[in-house]
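Please keep the sequence and the structure open while reading.

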Amino acid sequence: MRRYSATVATDLKRNLPWAVASGAACALLFYPFDCWLLGPLALVPLLLAVRRTAAVRSAAYLALACGWVFALMSLRWLWAIFGTGTIAVAVLIALPWALFGAAYRALAPRLCPLALVALTPVLFVAMEWLRCQGWYLRFSWLQIGSCYVASQGSQSTYPLVGIYGMTFLSVLVSAAVAGAVVRPRRDARLRGLLGAAGLVAAIVLLFRLAWVTGLQRHVETYDRAVKVLLVQSETEDLEWLLTTTRQYAPTRPQLVVWPELALADYVEDDPAALGRLAGLTRTMHTTLTFGCKSHVPAGVRCDWLRRRAMCQTDGDIYYNSALIMSPEGHLIGRYHKRHPIQFFADGVPGPGYPVFDTPTGPVGIGICYDLDFADTALSLTRHGAQLLVVPTFDARDWGRVQQMQHARLAQARAAEVSRCVVRPTSSGVSQIIAPGGEQVTFVPTSEASQITGVVALRSFVTPYVRGVWLLPYVCVGISLLMLAWGAWRAGRQSGSAASG
């Protein structure tokens, strides 16, 4: 045991700087640095460091350190929320990285170089799925593949492969480079490795060319145009919201959207408030979407962490909801936030992703944190939504870095499913996002403001929505099979050594 501990210590002493460098490189990919050109090479130092270790545990520690540095550098705005607890939060975010490091190190000696290059992005995408969607503490920000939204030229790839697919391609390049460094130049397998990497690059370029010359025309077409009004404000004053919205009546907006919890109360319990809201929609002949709270039916399950947070701040559990009101003043429906933020008083998870048939067309709603997860935009689009409405809350004191990172992720989600996104915030970056992920109109300020614009309703279904969204699940399945195979091989070798 002492010898094993000494081996781990030696591994960390030799390789920890490389893991830290890789974590820093990953952080540089995102706002405020936006060095997205580093994306295909960011993981090379980590992969080399893990390959140089003598123990699987060492590889897990190195990958954990890489993910921890990445989280601390890129999510430094968390200090405004958790204070010194951010150090522990970053460890929780980085835990899946440790699994990737251990799996990569355990399988590397059992695979030929080409197979290892092919398997590396599979393992990494499986890890990102676990980090982003696969456990209670999921946090779907800062996927490697989402950094390319800062490049206008790269956004057209999201409808093809999605964020997970962009991560896969980036890690594939890193794995090929790391493999070329590890193998001696005279090794014939290296030539095959580089040839395969070149073939993959050629396929990707041809795929992009086919999209730009063929499928791209679908992005430029739309079924219907709708004029929208977004109101950005931290106030929960109904009178102010009504007065401000009425000022834009001459522009004849067909859809008005207020932020998440714009009315932080149970509006449906207040007939007077409902009457005033109905009067607004009838006067302006517009559809209105606004955030509020809704009662939770008896018997709905809620984990103790969420229940404790809500009971401490509000005395009871509730839904974080968005209501839609028709131009005639009737409630069309209500959506309950599907992905409340962990540890916060943010509501009970809603039951699903309904799509609402409104006078403006089929509308899907996600609330703030919902759009950070792949399943929100994907499910709404698959259910027929032609426009995504996302009331959002970004606190003023969380700072510009948080607000910009959040806005960039919304752009990537819009590009994945090729849908316009209407996203008013309380004090962050309010946006009208085009189907290609570009910001048509935005307000980069924490002050109360309003923006108007025209959005396109679209029914076109991207390759990502048609089936490429299954990629992370395929990667998880392959990873589990390969780990089972590796354990079986290790068991056989141990048995043979014992019998010998």
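Where does Val468 lie? Val468 is in the loop between α14 (463–466) and α15 (471–499); helices here are DSSP runs of H or I with at least four residues, strands are runs of E with at least two, and both are numbered from the N terminus. The model is a predicted one, in which local features need pLDDT of at least 70, side-chain atom pairs count only at pLDDT 80 or more, and totals for chains, interfaces and linings use all residues. Residues are numbered from 1 along each chain as its sequence is written, and side-chain values use heavy atoms, with hydrogens and water left out.

Val468 is partly exposed because its relative accessibility is 29%, given that buried means under 20% relative accessible area, exposed over 50%, and partly exposed in between (1.4 Å probe, protein chains only). Leaving aside neighbours within four places in sequence, Val468 is in contact (heavy atoms within 4.5 Å) with Leu160, Val161 and Pro463. Val161 is 307 residues away from Val468 along the chain, yet their C-alpha atoms are separated by 6.0 Å.

With a relative accessible area of 3%, Gly366 is buried. Not counting residues up to four places away in sequence, Gly366 touches Tyr335, Thr376, Leu380, Val389, Val390 and Pro391. From Gly366 to Ala322 the distance is 8.5 Å, C-alpha to C-alpha, across 44 residues of sequence.

For the protein as a whole, 72% of the contacts between residues at least 6 apart in sequence join residues at least 24 apart. The secondary structure comes to 15 helices and 12 strands, and 55% of the 500 residues count as buried.

Which residues make the nonpolar surface patch of about 370 Å²? Val91, Leu92, Leu95, Tyr136 and Phe343 make this patch. One member, Leu95, is found in helix α5 (residues 86–107) and is partly exposed at a relative accessible area of 35%.

Methods: Patch = residues over 30% accessible without salt bridge, like charges linked within 9 Å, V, L, I, M, F, W, Y side chains within 5 Å. Areas by Shrake-Rupley, 256 points an atom, 1.4 Å probe, with all protein chains shown as cover. Salt bridge = Lys/Arg side-chain N within 4 Å of Asp/Glu carboxyl O.
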